[in-house]
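The sequence and structure come next.

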Number of protein chains: 2
Amino acid sequence: MNLNTRQRRAILDVLEIADHPLSPQEIYDGVGHYGESVNMSTVYRSLSALVKREILEEVKLPGEPSRYEFSGKGHHHHFRCRKCNRVLVIEKCAADVNSMVPPGYIVEDHDLFIYGLCSECSP
Amino acid sequence: MNLNTRQRRAILDVLEIADHPLSPQEIYDGVGHYGESVNMSTVYRSLSALVKREILEEVKLPGEPSRYEFSGKGHHHHFRCRKCNRVLVIEKCAADVNSMVPPGYIVEDHDLFIYGLCSECSP
DNA sequence: TTAACTGCAAACCCTTTGCACGGTG
DNA sequence: CACCGTGCAAAGGGTTTGCAGTTAA
């Protein structure tokens, strides 16, 4: 895979500068802010290629479009700010998931989403 | 709102018998299993009317269609079985969400999804 | 009767795909 | 030349909506 096309560099730059997971639309808009342009199909195709190569990871969210972030962060969760709408990374995990499931269940994985106001948006 | 149409009775019956949150498609299929039929638009329209009246609640899931469940359960979470694909209710919550967020963040709410095998599907 | 509900088909949004063109080695 | 990557337009899947006909009170 060639990362060194104008479009893929722009996509990765936008993700790096934002420093938080972005949706395809946010990436598309972000590239636009640089005065560059990328076709939305290219955004989608690049994102799935980058996920396949494990350079990025898809963050699936309940009821809204996925965000994409750089992989290699280890176990973490996400915070969704209801004012600025950004999705931010939460590094801690204080969920004792095994104690939550009824007997007989096997826990393989979990996702946790926290909603509220981020530090930039809280009064 | 009139709950006493053939279609809405069927939708609510299917939800009640299933005893776990269902997607619009699962409801549609469930009604079909009774030898009855409901148009998919009617399923969607009935579900949103029932959510608006707070008879049902929408369970938004990451990366897949919402499920619908009876409201009034209080705070709870969901388990998604990777074998039978059912979404099941988890009544406990052992997540200390407030301790997870960085200083300055305000926590309003959270969603937790556990993935694995339910008791009927585990070996 | 009349207000609400339903079926059908079309529209919608987000995402994926087919195809022909473009850039690079 | 051979290959991927790209843009465009069309197609998909899930969900919503407009409209005309139907049903419940």
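The text below treats the protein interface, then the DNA surface.

This is a predicted model, where local features need pLDDT of at least 70, side-chain atom pairs count only at pLDDT 80 or more, and totals for chains, interfaces and linings use all residues. Residues are numbered from 1 along each chain as its sequence is written, chains are lettered from A and ligands numbered from 1 in the order in which they are written, and side-chain values use heavy atoms, leaving out hydrogens and water.

## Chain B against chain A

Chain B puts 38 residues into the contact, and chain A puts in 38. Contact means heavy atoms within 4.5 Å. About 3100 Å² is buried between the two chains, with 63% from carbon and sulfur atoms. Buried area is the accessible area (1.4 Å probe) that two parts lose on being put together, summed over both. On the chain B side, B:Met100, B:Tyr105 and B:Ile106 lose the most area to chain A, together 21% of what that side buries.

There are 4 salt bridges between chain B and chain A. A salt bridge needs a side-chain nitrogen of Lys or Arg within 4 Å of a carboxyl oxygen of Asp or Glu. One joins B:Arg82 to A:Asp109, at 3.7 Å from N to O.

Strand S5 (residues 106-117) of chain A runs antiparallel to S5(B), joined by 11 bridges. Strands are DSSP runs of E, at least two residues; helices are runs of H or I, at least four; both are numbered from the N terminus. Two strands pair if DSSP finds at least two bridges between them. Within this pairing, A:Gly116 has B:Val107 as its bridge partner.

## The DNA surface

DNA strand C is surrounded by 16 residues; the closest are A:Tyr44, B:Asn2, B:Thr5, B:Gln7 and B:Thr42. Near means a residue heavy atom within 4 Å.

| Protein residue | Protein atom | DNA strand C atom | Distance |
|---|---|---|---|
| B:Thr5 | side-chain N or O | phosphate oxygen | 2.7 Å |
| B:Asn39 | polar backbone atom | phosphate oxygen | 3.0 Å |
| B:Arg45 | side-chain N or O | base oxygen | 2.9 Å |

Key
Polar contact = N/O pair within 3.5 Å; in protein donor to acceptor, adjacent residues only side chain to side chain.
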